[in-house]
Amino acid sequence: MSTSTVNTRTGYSSAQIALHWVIAVLIVCQFVFHEGMVEAWDTYRKTPDTPLVSGLAAQSHVWGGLAVLAFAVWRLWLRNVRGVPAAPAEEPAALQLVAHVTHITLYALMILMPLTGAALWFGGVGFAALLHGILRVPLFFLVALHVLGGVAQHFWFKTNVLKRIVSPET
């Protein structure tokens, strides 16, 4: 992706916006369905001949995670092909760096979380459970930071960052 593509965009495409919000809803659902997954996994570990995929919460968590992975990869592809708008000029350089690192880390987690979950669920890789559980905490805090950053952009810095992720570039 060339930097000119990044800097000439004033907003996101309809597809980029839709993927952003679909992924956001799926990640919230992953946190909501987490306990159902833990119960299903604990049951399976105590009674290995019990079917592992049991219950709507566990199934939703597994397939929701795989959907996050697919949509995140799609979103990265669109980002590479189409580009993204530049950071607002009035945003301090230090906050631009924080936003950049946060986005990179969120993308990494949107890929690593489903991969470690799938390695555990479908492959029985025990270490993946530990990693999946550890990664859950920074994901939660980075999502919160991402939301707070958007709110700060709108109310404190008075930029169009929130508008860009709601209304497509025309």
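Buried means under 20% relative accessible area, exposed means over 50%, and partly exposed is whatever falls in between (1.4 Å probe, protein chains only). The model in these views is predicted, so local features need pLDDT of at least 70 and side-chain atom pairs count only at pLDDT 80 or more, while totals for chains, interfaces and linings use all residues. Residues are numbered from 1 along each chain as its sequence is written, and side-chain values use heavy atoms, with hydrogens and water left out.

**View 1. The whole chain, for orientation.**
Here we have seven helices and zero strands, giving the pattern α-α-α-α-α-α-α along the sequence. Helices (H or I, at least four residues) and strands (E, at least two) are DSSP runs, numbered from the N terminus. The C-alpha atoms fill a box of roughly 60 × 30 × 25 Å, taken along the principal axes. Of the 170 residues in the chain, 33% are buried. Take the contacts (heavy atoms within 4.5 Å) with a separation of 6 or more: 82% of them join residues 24 or more positions apart.

**View 2. Helix H2 against helix H4.**
Two packed helices are described by the angle between their axes and the distance between the axes. For H2 (residues 14–32) and H4 (residues 56–82), that works out to an angle of about 155° with the axes 9 Å apart. Axes are lines fitted to C-alpha atoms, for helices over the stretch in contact, and angles run from 0 to 180 degrees between N-to-C directions. H2 and H4 are therefore roughly antiparallel; the cut-offs are under 35 degrees for roughly parallel, over 145 for roughly antiparallel, 65 to 115 for roughly perpendicular, and oblique for the rest. The crossing of H2 and H4 is left-handed, a label used if the near helix is turned anticlockwise from the far one by less than a right angle (right-handed if clockwise). Sorted by class, the residues of the H2 contact with H4 are 12 nonpolar, seven polar and three charged. In this scheme Ala, Val, Leu, Ile, Met, Phe, Trp, Tyr, Cys and Pro count as nonpolar, Asp, Glu, Lys and Arg as charged, and the others, Gly among them, as polar.

**View 3. Helix H4 against helix H5.**
The axes of H4 and H5 come within 9 Å and cross at roughly 145°, and this crossing is left-handed. On the H4 side, the contact includes Val62, Trp63, Leu66, Leu69 and Arg75; on the H5 side, look for Tyr107, Met110, Pro114 and Trp121, among others. The tally for H4 with H5 is 16 nonpolar, one polar and two charged residues.

**View 4. The largest nonpolar core.**
A nonpolar core is a set of buried Ala, Val, Leu, Ile, Met, Phe, Trp, Tyr and Cys residues joined through side-chain atoms within 4.5 Å. The largest one has 14 residues, and those with the most contacts inside it are Ile23, Ile27, Val68, Leu109, Met110 and Leu139. H2, H4, H5 (93–123) and H6 (126–155) each give two or more residues to this core, with H5 giving the most, at five. Zoom in on Leu139 and, not counting residues up to four places away in sequence, you'll find it touching Ile27, Phe31, Leu106, Leu109 and Met113. Apart from this core lies another, of eight residues, including Met37, Ala40, Trp121 and Ala128.

**View 5. His20, a histidine in H2.**
His20 sits in helix H2 and is buried, with a relative accessible area of 13%. Leaving out residues up to four places away in sequence, His20 touches Arg75, His146 and Ile165.

Thr10 and Ser13 both belong to the loop between H1 and H2. Thr10 is exposed at 55% relative accessible area, whereas Ser13 counts as buried at 14%. Beyond its neighbours within four places in sequence, Thr10 is in contact with Pro85, Asn160, Arg164 and Glu169. Pro168 comes in the segment after H7 and is partly exposed, at 36%. Its C-alpha atom is separated by 9.6 Å from that of Ala18, 150 residues apart along the chain.

**View 6. Lys158 and its positive phi.**
Lys158 lies in the loop between H6 and H7 (161–164) and is exposed, with a relative accessible area of 62%. Its phi is near 55°, a positive value in a residue other than glycine. Most residues other than glycine have a negative phi.
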